[in-house]
Amino acid sequence: MTRYLLSDRDDLVSVVIVGGGYAGMMASNRLLGSLTSEERARVRVTIINPTDRFVHRIRLHEHAAGIADAALELRSMIHAEVTVVIGRATSIDTARQIVLVDTAAAEHLLAYDWLVYAVGSRSASQVPGAARYAVPIGDIDGASDIARRFAAKQVRRVCVVGGGPAGVETAAELAEAHQSARVTLLAGQELVAGMRVAARRSIRRRLQRLGVVVEEGVHVAEVTPHGVKTVGGTRLPFDLVVWAAGFEVPDLAARSGLPVDQTGRLLVDETLACITEPRILGAGDAVRAPDAVSAHLPMGARTALPLGGAAADTLLARLRHEVAQPISIGLLGPSISIGRHDGYIQLARPDDSPRPIAVTGRLGAAIKAWVCRMTIDRPRDERTRPGAYRVPDGPKPAQRHRSSTAATHR
Ligand SMILES: Cc1cc2nc3c(=O)[nH]c(=O)nc-3n(C[C@H](O)[C@H](O)[C@H](O)COP(=O)(O)OP(=O)(O)OC[C@H]3O[C@@H](n4cnc5c(N)ncnc54)[C@H](O)[C@@H]3O)c2cc1C
């Protein structure tokens with residue numbers, strides 16, 4: 001049975017946020033934190049999310065290693081006046097301004113005046129056997145499954161596929177937490193290929209110090225029940241294959257007939273409004289803004305949070321009949337944990353290009369732990385202190401020289 005969740009009262013503005021991750025949570029908190037009490041009385045904010053949990057994805061490798069719980073209570077992260085609908089949006093009907101939501105009980109129709117598209121990303125692989133036999137690190141179920149298998153002592157040889165930051169953090173965390181297991185990290189190219197040579201060398205050495213076997217230039221052609229087969233035909237036996245090699249975005253925008261790029265990301269303008277549907281805004285991994293304002297922005301929580309804040313700023317401007325400003329987001333550089341006692345913090349210019357300075361070792365680990373806390377605390381503070389989560393201004397157009405990093409993380 002299909003039911004309407006909100007009556008479309010003329011005097012009530014319905015803002016529907018699809019996705020309760022970093023971008024969606026930030027957008028809701030910045031918006032409600034910024035509205036006056038009179039404005040709040042006229043605005044109804046609803047978040048649609050598949051579960052009542054907020055997945056702190058940047059700690060999923062710790063969750064997988066059994067040393068942290070990355071699933072937090074969604075309600076504890078968001079403004080008290082947000083209505084949460086537990087379900088999955090299956091389609092956006094732009095003509096009727098309605099979202100179809102599949103919940104455990106029924107299919108619902110949710111009317112919106114404004115919609116924020118913030119559905120994020122998930123692990124993905126086209127490699128045969130990966131979906132069936134490898135366990136993805138990119139979602140909470142995968143991370144929980146990895147933790148369970150280690151707890152059940154089923155794993156002696158584990159392989160992490162993917163030499164990017166998520167693969168590095170996962171391999172390091174598993175090696176440190178489970179010292180009796182042999183951890184191999186398979187990187188298709190060089191380790192953390194986008195980083196400086198000095199960074200790559202340092203991270204490789206730090207992983208090896210933890211006992212991780214690092215194999216670079218190894219392409220996995222197939223995942224089997226007993227390990228992996230490389231492009232060269234070599235079979236490598238493992239008890240567990242962890243997939244950290246690719247991310248994809250949900251196809252909700254494409255399925256709903258909205259404009260998307262070749263990877264399925266919603267196309268938005270410089271204020272984060274969908275290029276064909278101005279009442280839809282987008283933020284986070286699942287959207288693509290013009291290169292002029294976003295070529296330097298990788299997919300990542302450190303991008304999703306300021307984008308969520310900027311989407312709220314655009315929405316506020318629209319609700320108040322003001323002119324929305326183009327986004328200007330500067331970054332501080334990637335931070336990578338290497339177990340609990342080591343890390344690699346790359347200092348960067350606002351356009352994310354590296355400065356020749358990095359903080360490593362225990363101080364690096366401490367900074368990364370602080371980043372993880374701040375990624376939760378500051379957006380939560382936005383409920384009462386809009387602007388609590390601050391980033392530097394973005395690079396000036398002349399400084400922007402990196403090309404868009406389509407489906408890579410961080
Ligand atoms: C192990 C690991 C470590 C990482 N470390 C870092 C790091 O140190 N720094 C960094 O910047 N990035 C890091 N990342 C990447 C970061 O987690 C993502 O880029 C970030 O989560 C993107 O935020 P988001 O809000 O766009 O999406 P998400 O956090 O993915 O949230 C999207 C939400 O939308 C929900 N959703 C999806 N489809 C629907 C639907 N149809 N209806 C309703 N809801 C839906 C999802 O369930 C989810 O709750 C890491 C990733 C991993 C896997």
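Six bridges link strand 2 (residues 13–18) with strand 3, and the two run parallel. Here helices (H or I, at least four residues) and strands (E, at least two) are DSSP runs numbered from the N terminus, and two strands pair if DSSP finds at least two bridges between them. The model is predicted, so local features need pLDDT of at least 70 and side-chain atom pairs count only at pLDDT 80 or more, while totals for chains, interfaces and linings use all residues. Residues are numbered from 1 along each chain as its sequence is written, and side-chain values use heavy atoms, with hydrogens and water left out.

**Around strand 3**

Let us stay with strand 3 for a moment. Ile17 stands opposite Ile47 of strand 3. Strand 3 is also joined to strand 6 (residues 83–86) by 4 bridges, and these two run parallel. There, Asn49 has Ile86 in strand 6 as its bridge partner. Strand 3 (residues 43–49) is mostly covered, with 6 of its 7 residues buried; buried means under 20% relative accessible area, exposed over 50%, and partly exposed in between (1.4 Å probe, protein chains only).

Helix 1 is largely enclosed by the rest of the structure, because 13 of its 13 residues are buried. Its end C-alpha atoms are 18 Å apart, which agrees with the 18 Å that its 13 residues should span at 1.5 Å a residue; the expected span is 1.5 Å times one less than the number of residues.

Rings of Phe, Tyr and Trp (its six-membered ring) pair if their centres lie within 6.5 Å, and planes under 30 degrees apart count as stacked, over 60 as edge-to-face and the rest as tilted. By this rule the count is 1 aromatic pair. The ring centres of Tyr22 and Phe54 are 5.3 Å apart and their planes stand at 85°, so the pair is edge-to-face. Tyr22 belongs to helix 1 (residues 22–34) and Phe54 to strand 4 (residues 53–55), so the pair ties together parts 32 residues apart in sequence. Both Tyr22 and Phe54 are buried.

Another ring has a charge over it: Arg279 lies over the face of Trp114, at 4.5 Å from the ring centre. The rule for this is that NZ of Lys or CZ of Arg is within 6 Å of the ring centre and within 35 degrees of the ring normal.

**The nonpolar cores**

A nonpolar core is a set of buried Ala, Val, Leu, Ile, Met, Phe, Trp, Tyr and Cys residues joined through side-chain atoms within 4.5 Å. The largest has 69 residues, of which Val15, Ile92, Val99, Tyr117, Leu266 and Ile280 touch the most other members. Helix 10 (residues 301–319) gives the most to this core, with 9 residues. Apart from it lies another core of 37 residues, among them Val155, Met195, Leu207 and Val214.

Leaving aside neighbours within four places in sequence, Val99 has contacts that include Val16, Ile48, Ile92 and Leu115, where contact means heavy atoms within 4.5 Å.

Five strands form an open sheet in the order 12-19-13-14-15, with parallel pairing. Strand 12 (135–136) and strand 15 (213–216) stand at the edges with a single partner strand each, so one side of each is left without a neighbour in the sheet. Within this sheet, strand 13 (residues 157–161) and strand 14 (residues 182–187) pair in the parallel sense over 5 bridges, and Cys159 stands opposite Thr184 in strand 14.

Strand 25 is mostly covered, with 5 of its 6 residues buried. Strand 24 (residues 335–337) pairs with strand 25 in the antiparallel sense over 3 bridges, and Ile336 has Tyr344 in strand 25 as its bridge partner. Strand 25 and strand 26 are likewise antiparallel, over 4 bridges, with Pro354 in strand 26 the bridge partner of Ala348.

| Hairpin | Residues between the strands | Residue with positive phi |
|---|---|---|
| strand 24 and strand 25 | 5 residues | Gly339, near 75° |
| strand 25 and strand 26 | 5 residues | Asp352, near 75° |

Asp352 is not a glycine, and at 6% relative accessibility it counts as buried.

Lys153, in the loop between helix 5 (140–151) and strand 13, also has a positive phi, near 55°, and is a residue other than glycine. At 76% relative accessibility, Lys153 counts as exposed.
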